[in-house]
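Here's a protein model to get to know, one question at a time.

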Amino acid sequence: MSIHYPKETLQSWLIFSAILIAGIALRIYHLDSYSIFFDEKSTMVVSQGIVLEGANQKEVFSNRKITVREFWKAPVLDYRPTTILRSFTFNETYSPRAFTPAEFWAPKSIADYYEAMTRSDIGNSPFYYLLLHLWMEVFGLSDFSARFLSVIFSTLIIGLTYLFGRRFFNINTALIASAIVAIEPFFIAYSHQARNYSLTFFLTLLATYFFLQIIENGKKNMVLVYIGYILAAGLSLLSHFLTISVLIAHALYALFFLRTVKGWIKMAVSAVLALSGVTWWLIFGGGQYTLYTLNYQADLYKRMAETMPYNNPFGIILPATFANVFNKSLPIFSDLVIFTNGLTDALSGRRNVMVAIATALVLIIWYRFSDRIKTPVWLTHRVPYILILLSSVFYTNHKLQFCILAVSLFALSFIPDLHSRATTVQKKRLWMLYIMGLFPTLFLILMSFKGGHTNGLTQRYSGFSFPYVIVLISLLLQYYKTLKVEFRILIYVFLAAQLYFVGMRLDEFYQDKSLKYGYFAAPRVPNPYYEAAKKISELYQEGDTVLYPAPRFQILSEMDRTFLPYSVQDAQMTNLYFPKNAQYVQAMDTTQTELILLKKGNGAAPVEIMKLKGLRYGSQ
């Protein structure tokens, strides 16, 4: 490994270009083939200053006042009077009225955008919503457009990983790491979501790219690098609050490796400036109630974990016992490494796991001490293969994948060797990889124990770690070239087999059958609201009325309470895809809960536009 800034060759640029093209293709493929789900619905409306379920659209969906007593009769799962309600007007509510897309798309104020983010996303991600709003102003409001912004940032992660690997290690590391990022199912999956994740992963990696340069070159004039760090770190916090774990990891690294007083002063000033944006947002902007809401949610999730862990509206939420936290966090750690991606989900049986671990230990011992053990020449280089074959006899299922697990553990055992051979400068950089690879998940584990539940233990909340683990894996792949041929072949063959299974998981995602990456075991259909809007635009005539279903609206927390006891989400989502100046007359149909209908003005039977049963994807 070279510590010098390497020079690209035409060949390396051609290879990187091919990697980039492949990464873009993998991210665009099937981009809008499947409908948006609940979180993406929030994204679509919030980016337009609209609260999901219409809390800031009273004048659109209703007109007749009813009593406050009637309104508060609407059931809520966890009712308790809260001070947060003082910021919203609940002293009057309304009954249904006819409305048009032009009224739905009435201009929104800054207060509308603040309320939309507060209610629908706890005041999180204002920078992402600003970018998405501007993006769709230029490229139009569609599923493809909204998701394509995530594709752009996911592709930028490929390029930035290349720059990171080239700047701090070598050109081969840069190429291998960017290639792994290009095919990593995690990055591809989140590039297909109109959510903030791809943006935050990019910004945190960019912040680390600047940060490491600051630490290593503290005595030089690096004003632009400091500015870059302040902007990247500050905007990452305004894209997702959990990026704070990355900045804490930076502080931890600085604690070990930043040695000058001037350096600490500059970093302290940079930290204050980076935090200034999110501080303003939480005190004066649309995040004023974020901390309160987070505490409220933490209490709610803890009660769910203690009283109804398997049958609550939020999914499975378990108490934060050691066993539960271990079982939830183990896949997060293992999936960071492409060698072991998905193995914790696919493999079962304690005995099988113990056999795989034992096989790995024997392989490690044989590698370390084979020179001291007298064996026939013909047998020595065959021992690793014999061990793997013998172990496969004891596995009761998924024999190949358990063999991959054993070889992967053996392959990862060379991290200390990699570290010991590094130069002093490179060892510091490796420590950055270790810290950034582990700390975000450790932070989630700490918060899980603190909150008393496992709801936040999920890969997307610690996905910041992926690029650093991938760079480390890239260094290991190069280190394996120094091993004896029998060990080298063993590792490369079984890692190639693992890539086959990674490809299978990616194929499941493209078919929308991946609970791991797409949340759905049964494939979704294309967006039913877009299809409904298109059909209405073709069939609507003056005098017609579009009727939307009005299913019962389950209020899960006080932030969900709007002004009607039924959901207007179907109407909202359909109107997103209408021209903003359209004059289609629309109304809520409180007599049914599943159908979008076109009531004809000539007295003919209503036309069924869309039956939404089973197509709402988490919204009902």
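Q: What makes the crossing of α12 and α14 right-handed?
A: A crossing is right-handed if the near helix is turned clockwise from the far one by less than a right angle, and left-handed if anticlockwise. α12 passes α14 in that right-handed way. Helix α12 covers residues 223–237 and helix α14 residues 261–283, and their axes come within 8 Å and cross at roughly 35°. Axes here are lines fitted to C-alpha atoms, for helices over the stretch in contact, with angles from 0 to 180 degrees between N-to-C directions.

Q: Which residues make the contact of α12 with α14?
A: Contact means heavy atoms within 4.5 Å. On the α12 side, Tyr 226, Tyr 229 and Ile 230 are among those that take part, and on the α14 side they include Met 267, Leu 273 and Val 278. The contact residues divide into 10 nonpolar, 2 polar and 1 charged.

A quick note on the background: this is a predicted model, where local features need pLDDT of at least 70 and side-chain atom pairs count only at pLDDT 80 or more, while totals for chains, interfaces and linings use all residues. Residues are numbered from 1 along each chain as its sequence is written, and side-chain values use heavy atoms, leaving out hydrogens and water.

Q: How do you know that β1 and β3 pair?
A: Two strands pair if DSSP finds at least two bridges between them. Strands β1 (residues 545–549) and β3 (residues 595–599) have 3 bridges, in the antiparallel sense, so they meet that rule.

Q: Why are β2 and β4 called edge strands?
A: The open sheet has 4 strands in the order β2-β1-β3-β4, with mixed pairing. β2 (586–589) and β4 each pair on one side only. For β4 (residues 607–611), 4 bridges join it to β3, and the two run antiparallel.

Q: What lines the second largest pocket?
A: By class, its lining has 22 nonpolar, 7 polar and 1 charged residues. Nonpolar means Ala, Val, Leu, Ile, Met, Phe, Trp, Tyr, Cys and Pro; charged means Asp, Glu, Lys and Arg; the others, Gly among them, are polar. α16 gives the most to this lining, with 7 residues.
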